[in-house]
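Reader: I have this model open and would like to go through it with you before I plan anything. Could you start wherever you like?

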Amino acid sequence: MSDSLIIIPTYNEKENIEKIIRKVFSLEFSFEILIIDDGSPDGTADIVKTLQPFFAGRLHLEQRIGKLGLGTAYIHGFKWALNHQYDFIFEMDADFSHNPDDLIKLRHACVNGADVAIGSRYVRGVNVVNWPMSRVLMSYFASMYVRFITRIDIQDATAGFKCYRKIVLETIPLDKIKFVGYAFQIEMKFTAIQYGFKVVEVPIIFTDRTEGVSKMSTRIFREAFFGVIQMKMNSWFRNYDRKA
């Protein structure tokens, strides 16, 4: 059994899922993968099932009914990972926007002192490929907005490519994480910092998907924009003592 689990939420990723699985399993370090599929009508979960016999004990699948949101998928995966005692738990997209080769760098950062390692698009300039300028600007200024409201020193606040040490997910009360869209990524970083964990940014190059369809929507953007203010206000009344 590996000490490192990569959680990949999926909804209609049939074009990418087999390729991303095979790529991860070709890396020099022996990772395991947990796919959380939200009832993809395109047969994504069926593709995973056909691959499981070839990667016995390394490829896991949890199927949920309905499209329940990114945040709830990761919370489901975090609880699964904690129940199975993994030391390092990763978030990664299925569409190759996150380069699987960078998993090694994120794990190395956590092995060497970080509690949370973020694959950061903005810690060294802007490292985004194939995004229209409008989306680059929206993402970049969203992180500036988060820093302004929350006062956390994270350049890529919305990043979804991360490695957590187990203790972080054991400490954060996962059932109190409220956001379900991309604001979930902000809330997890903010909460980890509030608990005093060491969060570091590891520079990566983000490449937009070439196959499949993006899940971004204006509803998700609104949740993040207005939710950050509410999250900050709520933090004034929460106890972040790890012993509490």
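Author: Let me start with R121, which counts as buried at 6% relative accessibility, where buried means under 20% relative accessible area, exposed over 50% and partly exposed in between (1.4 Å probe, protein chains only). The model is predicted, with local features needing pLDDT of at least 70 and side-chain atom pairs counted only at pLDDT 80 or more, while totals for chains, interfaces and linings use all residues. Residues are numbered from 1 along each chain as its sequence is written, and side-chain values use heavy atoms, with hydrogens and water left out.

Reader: Noted. Which side chain meets R121 in a salt bridge?

Author: The partner is D156, and the N to O distance in this salt bridge is 2.7 Å; the term asks for a side-chain nitrogen of Lys or Arg within 4 Å of a carboxyl oxygen of Asp or Glu. The helices (H or I, at least four residues) and strands (E, at least two) are DSSP runs, numbered from the N terminus.

Reader: And is D156 buried or exposed?

Author: D156 counts as buried, with a relative accessibility of 0%.

Reader: How many salt bridges does the structure hold?

Author: There are 10 salt bridges in the structure. As background, side chains of opposite charge can pair when their charged atoms come close.

Reader: Let's take another one, then. What does the side chain of D38 pair with?

Author: The side chain of D38 meets that of R64 in a salt bridge, at 2.7 Å from N to O. D38 belongs to the loop between β2 (32-37) and α2 (44-51), and R64 to the loop between β3 (59-63) and α3 (70-83), so this pair ties together parts of the chain that are 26 residues apart in sequence.

Reader: Where do D38 and R64 fall, buried or exposed?

Author: D38 counts as buried, at 5% relative accessibility, and R64 counts as buried as well, at 12%.

Reader: I was also looking at K162. Which side chain does K162 meet?

Author: K162 meets the side chain of E91 in a salt bridge, with 3.6 Å from N to O. In this pair, E91 is in strand β4 and K162 is in strand β7 (residues 162-165), and the two are 71 residues apart, linking distant parts of the chain. K162 counts as buried, at 1% relative accessibility, and E91 is buried too, with a relative accessible area of 0%.

Reader: Staying with E91 for a moment, how far is its C-alpha atom from that of L103?

Author: The C-alpha atoms of E91 and L103 are separated by 9.7 Å, and the two residues are 12 residues apart along the chain.

Reader: Now the backbone. What is phi of N12?

Author: Phi of N12 is near 55°, which is a positive value in a residue other than glycine. N12 is placed in the loop between β1 (4-10) and α1 (17-25), and this asparagine is partly exposed, with a relative accessible area of 25%.
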